Amino acid sequence: MVLSCEKTCEVKVIHGANDDSFQLAGKTVGNVRSSLVDAFNIPPNGAIAFVNDVQVDMDYLLEGGETLEFCKQYGQKGIERMLTEEAI
């Protein structure tokens, strides 16, 4: 018996305002990141990966039905770049 992988293999991927579901079961988080680095604007070296709200390594193997979210480690407010140190 062969099972359809259409829904059971889908993983929801989120980064900022970008989110979509893809058939990624069996892929590693690192593989997904490198595949979506441009389309989802994921920083190649500064994003932390979470699967179902738990931080995971790039070697983590995804399963269908999971949610993978990439978050930046830190940010910088733009106003600080425009003001002098004395003005801040």
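**Reading a sheet, a helix and a ring pair**

Mentor: Welcome! An open sheet of five strands runs through this structure in the order β2-β1-β5-β3-β4, and its pairing is mixed. Keep in mind that we are looking at a predicted model.

Trainee: How do strands of a sheet pair?

Mentor: In general, strands pair through backbone hydrogen bonds, in either a parallel or an antiparallel way. Here, β1 (residues 10–15) and β5 (residues 67–72) run parallel and are joined by four bridges. Within β1 and β5, isoleucine 14 stands opposite glutamate 69.

Trainee: Which strands stand at the edges?

Mentor: Those are β2 (18–23) and β4 (54–56). Each has a single partner strand, so one side of each is left without a neighbour in the sheet. Neighbouring strands of this sheet are also turned against each other, by 30 degrees on average with direction ignored.

Trainee: And which strands does helix α1 touch?

Mentor: Helix α1 (residues 29–36) packs on the sheet and touches β1, β2, β3 (47–51), β4 and β5. Its direction makes about 65 degrees with that of β5.

Trainee: What about arginine 33, and how far away is the nearest side chain of opposite charge?

Mentor: Arginine 33 is also found in helix α1. A salt bridge needs a side-chain nitrogen of Lys or Arg within 4 Å of a carboxyl oxygen of Asp or Glu. For arginine 33, the nearest side chain of opposite charge is aspartate 59, 9.4 Å away. Arginine 33 is therefore without a salt bridge, although buried. Leaving aside neighbours within four places in sequence, its contacts are Ile42, Pro43, Pro44, Ala47, Met58 and Phe70.

Trainee: How many aromatic pairs does the structure hold?

Mentor: One. The ring centres of phenylalanine 22 and phenylalanine 40 are 6.1 Å apart, and their planes meet at 55 degrees, so the pair is tilted.

Trainee: Where do the two phenylalanines lie?

Mentor: Phenylalanine 22 lies in strand β2, and phenylalanine 40 in the loop between α1 and β3, so the pair ties together parts that are 18 residues apart in sequence. Phenylalanine 22 is partly exposed, at 26% relative accessible area, whereas phenylalanine 40 is buried, at 7%.

How values were computed: Residues are numbered from 1 along each chain as its sequence is written. This is a predicted model: local features need pLDDT of at least 70, side-chain atom pairs count only at pLDDT 80 or more; totals for chains, interfaces and linings use all residues. Side-chain values use heavy atoms; hydrogens and water are left out. Two strands pair if DSSP finds at least two bridges between them. Axes are lines fitted to C-alpha atoms, for helices over the stretch in contact, and angles run from 0 to 180 degrees between N-to-C directions. Contact means heavy atoms within 4.5 Å. Buried means under 20% relative accessible area, exposed over 50%, partly exposed in between (1.4 Å probe, protein chains only). Lys and Arg count as positive and Asp and Glu as negative; His and the chain ends are not counted. Rings of Phe, Tyr and Trp (its six-membered ring) pair if their centres lie within 6.5 Å; planes under 30 degrees apart count as stacked, over 60 as edge-to-face and the rest as tilted.
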